[in-house]
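This report describes one protein chain, from its overall dimensions down to selected residues. The sequence and the model are shown first.

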Amino acid sequence: MIKLKKGSLYKCISSVKIDYLIHWKAPCSSGGSGILLQNTVVEVNGKPPRHATAVYCKPLNYEEVEAQLIPETERNNEKYFGYSLVIDIDIIKDHFDLVSE
């Protein structure tokens with residue numbers, strides 16, 4: 001069993017499909033999915049609740065991943081306010097290695 005902690009770093013060992021959440025300066029959100037490339041290191045944003053199936057993460061190379069995953073029309077929208085990765089815990093188990101806790 002994996003015990004995710006806030007601030008832990010995980011390295012993607014094989015390119016994998018993940019989900020993302022787009023944050024807006026408006027009372028809404030949106031998102032999608034895309035391929036997170038091998039060797040991307042992500043930081044766990046917070047300790048997930050006991051029965052969580054996914055966790056929010058931020059890639060250390062935030063702007064590079066942003067350009068790869070978030071459509072340009074979204075990034076250029078004046079109400080765009082960033083994004084978060086939403087990674088299934090099973091995907092972390094199968095496709096990531098712990099770098100540091």
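What share of the contacts in the chain with a separation of 6 or more is accounted for by residues 24 or more positions apart? The share is 67%. The coordinates are those of a predicted model.

## Overall dimensions

The chain has 101 residues and a radius of gyration of 13 Å; this agrees with the value near 13 Å that a compact globule would have. Along the principal axes, the C-alpha atoms fill a box of roughly 40 × 25 × 20 Å.

Of the 101 residues, 35% count as buried. The accessible surface comes to about 6,200 Å², and carbon and sulfur atoms contribute 49% of that area.

## Secondary structure and sheet order

There are 3 helices and 7 strands in the chain. In sequence order the pattern reads β-β-β-β-β-α-α-β-α-β.

The 7 strands form an open sheet with antiparallel pairing, in the order β3-β2-β6-β5-β4-β1-β7. Its edge strands are β3 and β7 (96–100), each of which pairs on one side only. From one strand to the next, the twist averages 40 degrees. Helix α1 (residues 62–69) packs on this sheet and touches β2, β3, β5 (54–59) and β6. The direction of α1 makes about 85 degrees with that of β6.

## Strand pairing

Strands of a sheet pair through backbone hydrogen bonds, in either a parallel or an antiparallel sense. Strand β2 (residues 16–24) pairs with strand β3 (residues 29–36) in the antiparallel sense over 8 bridges. These two strands form a hairpin with 4 residues between them. Within this pair, H23 stands opposite S29 in β3.

Strand β1 (residues 9–12) has β7 as an antiparallel partner over 4 bridges, and it also pairs with β4 in the antiparallel sense over 3 bridges. L9 has a bridge partner in each of these neighbours: S100 in β7 and E43 in β4. Strand β4 is in turn joined to β5 by 3 bridges, the two running antiparallel. Here V42 stands opposite P59 in β5.

## S84 in strand β6

S84 is located in strand β6 (residues 80–88). Is this residue, S84, buried or exposed? With a relative accessible area of 10%, S84 is buried, because the cut-off for that class is under 20%.

The side chain of S84 makes a polar contact of 2.7 Å with the side chain of H23. H23 is the residue that stands opposite S29 in β3. Leaving aside neighbours within four places in sequence, the contacts of S84 are D19, Y20, L21, H23, N45, Y56 and C57.

## The loop between β3 and β4

Two residues are described in this loop. N39 is found between β3 and β4 (41–44) and has a positive phi of about 80 degrees, although it is not a glycine. The relative accessible area of N39 is 48%, so the residue is partly exposed.

T40 is found in the loop between β3 and β4 as well. Which class does T40 fall into at 5% relative accessibility? T40 counts as buried. A polar atom of the T40 side chain lies 2.7 Å from the backbone oxygen of L37. Not counting residues up to four places away in sequence, T40 touches Y10, K11, C12, P59, N61 and V65. Among these residues, P59 is the one that V42 stands opposite in β5.

## K93 in helix α3

K93 has its place in helix α3 (residues 89–95). With a relative accessible area of 44%, K93 is partly exposed. How far apart are the C-alpha atoms of K93 and G31, which are 62 residues apart along the chain? The separation of these C-alpha atoms of K93 and G31 is 23 Å.

Technical notes
Residues numbered from 1 in each chain as written. Predicted model: local features only at pLDDT ≥ 70, side-chain atom pairs only at ≥ 80, totals over all residues. Heavy atoms only, no water. Buried < 20%, exposed > 50% of the residue type's maximum accessible area, 1.4 Å probe, protein only. Polar contact = N/O pair within 3.5 Å; in protein donor to acceptor, adjacent residues only side chain to side chain. Contact = heavy atoms within 4.5 Å. Pairing = 2+ DSSP bridges. Rg over C-alpha atoms; globule rule 2.2 N^0.38 Å. Areas by Shrake-Rupley, 256 points an atom, 1.4 Å probe, with all protein chains shown as cover. Axes fitted to C-alpha atoms, helices over the stretch in contact; angles between N-to-C directions.
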